[in-house]
Every structure is written in structure tokens, then in C-alpha cells.
Amino acid sequence: MISTEKQILRVKMRAAVQGIEGAASRSRKISHFLCNAPLWKAARVVFGFVALPGEPDWLGGCLPTEKLIAFPRVGENSELSFHSASTFKVGAFGVSEPVGGAAAPPPDLVIVPGLAFDRTGARLGRGKGYYDRWLGANPAVKTLGVCFSCQILEKLPAEPHDARVSAILTEQGFIWP
């Protein structure tokens with residue numbers, strides 16, 4: 001069963017990133033690659049995420065003023081919506097969510113978290129399907145998975161509803177499926 005295989009991989013990947021050595025330095029490299037990428041430079045509206053422990057701080061701790069950066073909030077129907085805000089509170093599953101803030105216009109780029117990715121753009125999320133549902137409803141948007149290089153696996157189990165990303169960025173650079 002695929003979901004059992006995914007659950008085992010989730011446990012393995014959480015352990016792999018727990019206290020990852022040099023996470024701050026690796027995050028700075030990711031942020032540097034991102035800031036110099038044409039897809040970033042061309043984007044005016046970017047949907048991103050607030051990093052959890054073990055996830056890269058892809059923004060490098062600062063929000064660019066020339067872009068609208070919006071962050072996800074889980075709604076009553078377990079749907080993701082993205083809002084620009086400067087204040088956050090801990091929401092569902094310990095994830096920081098924007099407080100208030102206007103609903104963001106459609107994005108030029110979505111920065112997608114994941115526990116693991118493979119070189120085909122397959123993504124292993126945390127298991128609730130929030131991003132898969134949002135991305136499935138918005139298939140034309142450009143997506144960039146962001147993770148540390150130890151989170152790139154040879155092959156991930158995938159189901160038909162699992163959304164793939166357009167590209168992946170690690171501290172070693174971009175991967176274009």
C-alpha cells in the first residue's frame with residue numbers, strides 16, 4: 001500500500017532533517033540561489049511558507065519589498081488560502097500562519113515545502129494533502145520545491161492526486177525535472 005510506504009518515508013525524512021548540521025548556512029545558500037534565479041526575479045507575487053524546524057529558511061530572514069509574499073493559512077474546510085501579513089500565530093499542526101492580511105492575488109510562483117522530493121518533481125508532504133489539493137486546483141502555476149539536498153531521493157511513491165513541482169532548489173542548486 002502506497003500510504004504505508006509514504007508514512008515510513010515521512011518518519012525516515014523527519015529523522016534525517018532533525019538537527020541537520022549547518023542548516024543556517026545551507027539555508028543562506030538556498031536563499032542566494034533563489035534571489036539570483038530568473039524565475040524569482042520575474043515573479044511579483046510569490047506564495048511561500050514559514051519554515052518549520054528542519055525546513056530551509058528560503059527567504060533568508062528578510063522579506064523583499066519589491067514582491068508581494070503571501071503565506072498559507074488553513075481554513076475551516078481544510079483549504080489553503082494565501083495572505084500577505086506581517087503578524088503570524090501558530091495554527092494547525094504547529095505551523096505559523098498569517099494573522100489578518102488580505103487574500104493574495106494569483107501567484108507567479110509558489111514555493112512549496114516537502115519532506116522529500118525526487119528528480120521527477122514528485123513530492124512527499126506531511127500527509128494532510130493541503131498543498132496537493134491547492135496545486136491540483138491551480139495546475140498552471142509555477143512551483144518550486146525547496147529542501148536540503150539530503151531530502152532528494154531516487155524515487156518517491158506517488159498517487160494520482162499527488163502534485164509535482166516544476167523545479168526543486170537545494171543548497172547545491174536547482175533541479176529541473
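Helices (H or I, at least four residues) and strands (E, at least two) are DSSP runs, numbered from the N terminus. The model is predicted, so that local features need pLDDT of at least 70 and side-chain atom pairs count only at pLDDT 80 or more, whereas totals for chains, interfaces and linings use all residues. Residues are numbered from 1 along each chain as its sequence is written, and side-chain values use heavy atoms, with hydrogens and water left out.

**View 1. Serine 27 in helix H2.** Serine 27 lies in helix H2, which covers residues 23–35, and with a relative accessibility of 7% it counts as buried (under 20% relative accessible area, with exposed over 50% and partly exposed in between; 1.4 Å probe, protein chains only). Apart from neighbours within four places in sequence, serine 27 is in contact with Pro56, Asp57 and Phe148, where contact means heavy atoms within 4.5 Å.

**View 2. Glutamine 151 in the loop between strands S9 and S10.** The loop that holds glutamine 151 runs between strand S9 (143–146) and strand S10 (152–153), and the residue is buried, at a relative accessible area of 2%. Its side chain reaches the backbone oxygen of glycine 114 at 3.2 Å and the backbone nitrogen of phenylalanine 148 at 2.8 Å. Beyond its neighbours within four places in sequence, glutamine 151 has contacts that include Met13, Val17, Gly54 and Leu115.

**View 3. Arginine 133 in helix H4.** Within helix H4 (residues 130–137), arginine 133 is partly exposed, its relative accessible area being 37%. When residues up to four places away in sequence are not counted, arginine 133 touches Ser78, Glu79 and Lys128. Aspartate 162 is 29 residues from arginine 133 along the chain, and their C-alpha atoms are separated by 8.4 Å.

**View 4. The largest nonpolar core and tryptophan 40.** A nonpolar core is a set of buried Ala, Val, Leu, Ile, Met, Phe, Trp, Tyr and Cys residues joined through side-chain atoms within 4.5 Å. The largest such core has 40 residues, and Trp40, Phe47, Trp58, Leu109, Ile111, Trp134 and Leu144 are those with the most contacts inside it. Leaving aside neighbours within four places in sequence, tryptophan 40 is in contact with residues including Leu34, Val46, Trp58, Pro64, Ile69 and Leu109. A second, separate core of eight residues includes Leu9, Met13, Leu124 and Leu156.

Note on methods
Polar contact = N/O pair within 3.5 Å; in protein donor to acceptor, adjacent residues only side chain to side chain.
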